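Dear colleague,

Please find the structure below for your records. My notes on one of its sheets and one of its residues follow.

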Amino acid sequence: MPGPVQSIERAAAILRLLARGSGRLGVSEIAGSLGLARGTAHGILRTLQGVGFVEQDEETGKYRLGAALLHLGTSYLDVNELRSRAINWADALAARSGEAVRIGTPLDGKVLVVHHVFRPDDTLQTLDVGALLPAHATALGKVLLAYGAAAALHGELEPFTRRTTTVPRELARMLAEVRDMGWAAEVEEMTVGEAGVAAPIRGQGGLVVGAMGITGAVERICGPGGRPKPTLVTGVRDAARAVSRDLGASRW
């Protein structure tokens with residue numbers, strides 16, 4: 001039987017490396033980490049870029065996992081499995097935060113709500129399971145866009161309120177911040193008076209396969225400065241990490 005193909009092994013090693021940490025590395029960093037010649041690493045990266053498995057940032061020149069690979073990463077995960085793994089954690093998050101909890105996955109550039117826990121009070125609420133939310137105007141969507149799990153947006157960005165980000169360059173800056181922080185927020189970008197916080201859910205290999213978040217009134221979600229309350233951010237991140245661990249993401 002023929003032995004392993006070295007170039008494929010090296011390509012797989014590069015993809016695993018990009019799946020860890022911030023996921024944005026330069027050619028020299030990748031070559032040094034894997035003990036490859038810089039030219040060899042660059043050639044593999046260009047090939048992976050050609051098939052959509054990695055993308056290169058135009059400003060920094062660094063590489064990250066591409067949308068094509070991330071789409072393949074989510075295909076193995078049945079939505080029912082994601083929901084079943086997340087139910088207990090979502091219920092606990094709703095109880096602790098006092099807010100509604102939603103779990104979303106990417107679908108045609110939007111966010112498909114696959115699980116929704118009502119805010120734990122007696123107010124009238126509508127079940128959002130099956131709803132499609134705009135990616136650029138929701139915390140869930142920003143998470144999916146930031147980590148490449150959702151398809152890139154095309155055309156004009158629809159304004160839902162006066163605070164909706166409709167300038168692609170500004171959205172790109174916000175998504176870079178999401179990657180740096182590890183969570184996303186939106187304040188009155190989709191619905192006046194409402195805010196949200198979300199964090200990534202990762203599967204095996206560390207690939208982002210969904211997002212978990214809370215939504216509620218601005219005065220409950222945000223502090224005096226208009227930023228989400230740190231305790232709520234921590235709660236959302238901890239819950240998303242717990243689901244990630246249940247899905248086999250060893251880093252969490």
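Strand β4 (residues 110-117) pairs with β5 in the antiparallel sense, over three bridges. Two strands count as paired if DSSP finds at least two bridges between them, and strands (E, at least two residues) and helices (H or I, at least four) are DSSP runs, numbered from the N terminus. Within this pair, L112 stands opposite L132 in β5.

The model is predicted: local features need pLDDT of at least 70 and side-chain atom pairs count only at pLDDT 80 or more, whereas totals for chains, interfaces and linings use all residues. Residues are numbered from 1 along each chain as its sequence is written, and side-chain values use heavy atoms, with hydrogens and water left out.

Both strands belong to an open sheet of six, in the order β5-β4-β3-β8-β7-β6, with antiparallel pairing. At its edges are β5 (132-134) and β6 (184-187), each of which pairs on one side only.

Helix α9 (residues 230-246) packs on the sheet and touches β7 (194-202) and β8 (208-217), contact meaning heavy atoms within 4.5 Å. The direction of α9 makes about 30 degrees with that of β7; axes are lines fitted to C-alpha atoms, for helices over the stretch in contact, and angles run from 0 to 180 degrees between N-to-C directions.

H116 lies in strand β4. This residue counts as buried because its relative accessibility is 10%, the limit being under 20% relative accessible area (1.4 Å probe, protein chains only). Beyond its neighbours within four places in sequence, H116 is in contact with A100, V101, R102, T126, L127, D128 and V129. The H116 side chain reaches the backbone nitrogen of D128 at 2.9 Å.

With kind regards

Definitions and conventions
Buried means under 20% relative accessible area, exposed over 50%, partly exposed in between (1.4 Å probe, protein chains only). A polar contact is a pair of N or O atoms within 3.5 Å; within protein, one must be able to donate a hydrogen and the other to accept it, and residues adjacent in sequence count only if both atoms are side-chain atoms.
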